[in-house]
Amino acid sequence: MSEHSRSGERILRGIPVSGGVCRGKIVVLGKARDAIPRHEISEAEVPQEIQRLEHALTQTREQILKVQRKVSEAMGAKDASIFDAHLLVLEDPTLIDEVTRVIQEKKINAEHAFQQVAEKYAATLSSMDDEYLRERSTDMRDVTARVLDNLLGRTGEGEVGKLKEPCIIISYDLAPSTTALFDRKMVLGFATDAGSRTSHTAIKARSLQIPAVVGLHDASKQLNTGQYALLDGYNGLLIVSPTDQTLFEYGQLVRKRVNLQEKLRDIRDESAITLDGVRITLSANVEQAADAEHVRACGAEGVGLFRTEYLFLNRETLPDEEEQYLAYRQVAAALKPHPVVVRTLDLGGDKFLSHLQMPQELNPFLGWRAIRFCLEERDIFRAQLRAILRAAVEGNIKMMYPMISGLDELNQANALVEECRKELKAERIPFGDALEIGAMIEIPSAVLAADSLAKRVKFFSIGTNDLIQYSLAVDRLNEKIAHLYEPTHPAIVRLIKATVDAGHRNGIWVGVCGEMAGDPTLVPLLLGLGVDELSAAFSVVPQVKFLIRRLKMSEARELAEFALNCECGSEILARSQELAQRIAPGLLENQN
Ligand code: PEP
Ligand code: MG
């Protein structure tokens with residue numbers, strides 16, 4: 001595919017994160033949060049600008065009261081009282097008077113004046129010694145963002161629900177919770193300025209099976225709703241106003257992919273077995289109970305990772321034990337006798353609940369996330385543990401904890417499970433007594449503690465997405481350093497090997513459920529390192545199976561041997577590509 005700019009068309013390059021090609025009208029969602037336009041206004045426009053400000057304040061007040069009412073109904077008045085502080089900010093006469101004065105004196109637009117003044121207040125509050133006042137700066141910033149959204153007419157999530165025709169979404173960034181709301185009939189694909197391959201938004205795009213490109217820098221600023229574009233999720237391109245020649249070339253590419261899909265369908269019901277007879281367990285990652293049908297359709301043998309947090313997003317209340325029980329049971333029943341590994345709640349990082357007051361953190365991926373959150377919010381955790389235990393009566397459910405950093409956390413979580421077992425027994429509620437529990441290995445300290453952990457669990461599943469981010473100190477969401485996010489870094493290869501060895505030494509199996517498991521180029525390396533199970537997005541399971549069926553385990557082991565003795569990540573990658581290219585050439589072309 002030629003990539004030069006033909007007359008009239010414009011090519012924007014980003015990071016390909018979900019394969020496929022689509023074309024259609026683009027819809028640009030809210031611009032970058034920090035991009036608040038500043039423009040001067042005339043004397044005559046001042047009253048109108050002040051009126052806009054007052055209207056936005058009223059609108060924000062109504063929105064907050066509405067959320068507060070819902071939270072109060074669902075979780076009680078105490079939880080809802082957190083919004084009182086937000087309402088107070090909106091009524092603060094000093095703040096409002098100052099914004100009004102700035103509009104009148106500097107003759108600038110309301111949003112810019114509001115942001116300037118509110119940020120000054122927030123900065124002052126956050127520098128206070130008094131903890132209570134410091135915390136108020138977070139309220140201040142939350143409310144400011146809402147007021148600015150209203151002034152700028154940015155509705156974010158709301159816009160997604162109001163799409164009237166199929167389109168390509170362009171946005172500065174997308175929260176995984178927003179992506180989870182996408183209606184596949186309306187959203188043909190999406191492209192964002194920020195993000196990288198292992199962000200949960202990118203992962204969600206793969207499970208929605210829509211093309212997606214991230215890391216486009218400032219596409220959302222350059223483009224306007226209504227322009228026509230082609231999105232190439234294989235090569236990471238957004239082509240605005242494509243020429244007829246470009247459309248023709250893409251027609252050919254799509255035909256090639258359709259042929260490949262047909263080839264892949266032929267082996268759907270075959271085993272993932274290497275040419276020299278080694279059988280690999282190939283599972284799929286899911287995010288909701290309804291995904292069970294895709295698991296069957298893609299030819300996976302079960303679920304290696306059920307990201308249960310998606311059950312908690314985009315709603316006003318938490319799912320209770322019963323609701324969770326029904327969801328987990330549904331997947332287990334649909335896929336039995338195949339295993340379904342249910343991961344306990346991994347909130348935090350880039351996944352938050354709008355109705356739970358989680359503090360804004362400077363480093364959310366290093367913060368109050370996953371098992372750390374669950375071990376403190378014990379009622380939430382218990383409800384989930386009980387639901388999983390009960391669902392294990394139906395089918396082959398296993399459970400695993402995310403973000404285990406060492407033995408203490410594992411012991412605490414296991415003790416809670418034990419308590420839940422006792423409770424259920426006392427209440428005479430049936431549960432799966434033999435439920436197997438595993439730990440995700442995604443923090444370097446867990447690799448070093450792997451022998452201790454392995455003695456207390458039945459399996460490990462390596463979360464390479466986080467393991468890479470934490471080992472290499474590379475934020476998995478940040479497109480600016482995406483080139484440093486290196487799955488074949490020698491340190492990563494050795495960490496995976498150390499985990500596999502510790503697991504096997506202690507008689508347990510070791511899987512990989514991070515995105516490495518779904519990358520056909522890297523699969524031989526993982527298998528050569530001794531990984532027993534791979535769990536990948538269901539959209540890529542057929543490719544992974546195709547590759548495994550053309551691989552000799554002896555070649556995979558040779559590659560791993562080379563990698564373990566190699567000092568350079570790019571050499572390991574080149575060798576991995578060479579092998580994958582040799583055994584499955586058609587597969588890797590436009591692979592994503
Ligand atoms: C991982 O970290 O590799 C993983 C599978 O978990 P998540 O992507 O949900 O953080
Ligand atoms: Mg993880």
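A backbone N or O atom of N465 lies 2.7 Å from an oxygen atom of ligand 1. This is a predicted model, in which local features need pLDDT of at least 70, side-chain atom pairs count only at pLDDT 80 or more, and totals for chains, interfaces and linings use all residues. Residues are numbered from 1 along each chain as its sequence is written, ligands are numbered from 1 in the order in which they are written, and side-chain values use heavy atoms, without hydrogens and water.

| Side chain (N or O atom) | Distance to an oxygen atom of ligand 1 |
|---|---|
| H200 | 2.7 Å |
| R369 | 3.1 Å |

Taken alone, ligand 1 exposes 290 Å², and the protein buries 100% of that; accessible areas come from the Shrake-Rupley method with a 1.4 Å probe. The elements that give two or more residues to the shell around the ligand are α9 (200-208), β10 (303-307) and α19 (464-472). Helices (H or I, at least four residues) and strands (E, at least two) are DSSP runs, numbered from the N terminus. With 3 residues, α19 gives the most to this shell.

An open sheet of 8 strands has mixed pairing and the order β1-β8-β7-β3-β4-β5-β6-β2; two strands pair if DSSP finds at least two bridges between them. Its edge strands, β1 (10-13) and β2 (15-18), each pair on one side only. Strands β4 (residues 167-171) and β5 (residues 187-192) run parallel and are joined by 5 bridges. I169 has F190 in β5 as its bridge partner.

Key
Polar contact = N/O pair within 3.5 Å; in protein donor to acceptor, adjacent residues only side chain to side chain.
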